[in-house]
Amino acid sequence: MKEVSVIISGGGSVGLSLAAELGWRGIDCMILEQASNLNPHPRANAVANRTMEYYRRWGIDKSISEAGIPPDHPADYYWVSSLHGRKLHGISLPPFKKIKEVKDTGGYVKEEHTWSPYLKTITGQNEVEEVILNYLYTLKSVDINFNTNLKDFDQDSDGVTCHIKNLKTGKTDLVRSKYLIACDGGKSMVREQLNIGLKGRADMAKFVSIYFKAPDFMKCHHFGSANIFFPLHKSYAGFLLNWDGGTTFTYHLMLKKGQLWNEVDAKASIEAVLGKSTPIEIISTQPWTAHALVAEKYHDNRVILAGDAVHLFTPTGGFGMNTGVSDAIDIAWKIQAMVEGWGGKYLIDSYFKERHSIGVRNTKEAADCFDQLYSVMQYGDELDDETEIGINIRKKLSIDLKEQDKLIASSGTLLGYRYNNSPVIIPDGTEETIDNPRKYIPTARPGHRAPHIWLEESVSIYDKFSKNFTLLVFFKDKKETNNFVNTAKEINFPLEVLVINDEDAFKLYEYCFVIIRPDLMVAWRSDNMPENSLEVLDIIRGSK
């Protein structure tokens, strides 16, 4: 029987990202994807700044940025009655190229530009997956299998036996793995077989996603280019995503009650929101349903779930794929620890305790964004009327729509998550920062994301961290870490010491000694090295 450390069921963005993180860490894994190739229909359109921080480590961030809207393209977002009507609200962000990669925050550089090396990167999920797949082909430890389906699995205390079917030949093989990780989507076979339920809000709305090319699209309206248009007129309600600066789009049209997605005339729907005819090539159409659901469990012994298999989103805010990728990064280093033998018996349990609360938090935030957007999609032609009724509606909307900026500017959600009750984080007693969807407050408090800072032009502090654990030292003698480092070596705990004598970085991290986890989260910090090194290491690796 063939053996592999990890089997990943599902080759979407989360499954591919998980394989990339495991492969980058030298852990052998096998991807099973029942489709014959990647899904060419773009679904998610925004790669979060946090996700790009992970992709930066593999060296694919530039390829992803260049695959989407050009980096010198203005990042504009418009709420309109329709594309032949009025602009009701807008947000304009600077082009990605204009983010200064230095510590100087003067001039046009806004506070948000200091929080991460990235803003949201507008690149289609299909293009993101293609870039990751090309990266996977460079990793010898990753075995990629399309036209392959996980039919069944049986687990015991030592591993999982998977029944794998080749959909081309019809042949079924048995493959043994230490862990099975299900990234098999919202209708997860693995989740259903484990009888894990979902909680939250289901069937909030139904949409048809129309992927199309229209070379003269920008000539058909007067708004100019935008990354997203939100048509609010109830006949056209939904959102239009721009993929390349003005010729290729996806129109997510909200279906009316009882309307079937495959009965929608795609070309007519696009021309209706435009208000005129134009050459249009329909590339593909797919249905989807908005949910805010989270699984009650994230793993069952050696079978683990991630991505849409454990949380189903409405895409408002762009949290779904990005939350799933953070799931993958969290579980990957913990799998590495167990495979290499330095992880403790409670480490895998910490995956649920850390990520479940974030799944609940993020699905609720996406649902709130959707509810706010849906609430302003109840009007018809009065949106454009010059009557007193129309004027009053637009006045009200001008107030309501300003509250919807978090649909676009959501770094608080994407960067500000924290693992307050994690058993593998050591609290330092400091006060928790506010969890605000719009505003991220940089902090190195244990359980939070290690804050980014430019050490010099184009060099983030992230670029200095180890792929495993980093003991960050500010203005202290490295010899003070010797006992801790020696204890780590005795238990094969992978740790590197990084001395950074930078006043701005020290001000940000606040303490002289900080342990950064492999997923770029802070595990512990203090002004003094611990007297009992093993106790600290045992907590962080899940042995206590």
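Predicted model: local features only at pLDDT ≥ 70, side-chain atom pairs only at ≥ 80, totals over all residues.

Analyst: Residues are numbered from 1 along each chain as its sequence is written, and side-chain values use heavy atoms, with hydrogens and water left out.

User: Which residues of the largest nonpolar core touch the most other members?

Analyst: A nonpolar core here is a set of buried Ala, Val, Leu, Ile, Met, Phe, Trp, Tyr and Cys residues joined through side-chain atoms within 4.5 Å. Buried means under 20% relative accessible area, with exposed over 50% and partly exposed in between (1.4 Å probe, protein chains only). The largest such core has 88 residues, and those touching the most other members are Tyr55, Leu136, Phe465 and Tyr509.

User: Is arginine 56 buried or exposed?

Analyst: Arginine 56 sits in helix H2, residues 49–58; helices (H or I, at least four residues) and strands (E, at least two) are DSSP runs numbered from the N terminus. Contact means heavy atoms within 4.5 Å, and beyond its neighbours within four places in sequence, arginine 56 is in contact with residues including Asp61, Trp454 and Asp463. Its relative accessible area is 17%, so arginine 56 counts as buried.

User: How are H7 and H8 oriented to each other?

Analyst: The axes of helix H7 (residues 320–340) and helix H8 (residues 349–375) come within 10 Å and cross at roughly 175°. Axes are lines fitted to C-alpha atoms, for helices over the stretch in contact, and angles run from 0 to 180 degrees between N-to-C directions. Angles under 35 degrees count as roughly parallel, over 145 as roughly antiparallel, 65 to 115 as roughly perpendicular and the rest as oblique. H7 and H8 are therefore roughly antiparallel.

User: Which strands stand at the edges of the open sheet of 4 strands?

Analyst: That sheet is ordered S22-S21-S23-S24, with mixed pairing; two strands pair if DSSP finds at least two bridges between them. Each edge strand has a single partner, so one side of it is left without a neighbour in the sheet. The edge strands are S22 (495–499) and S24 (522–526).
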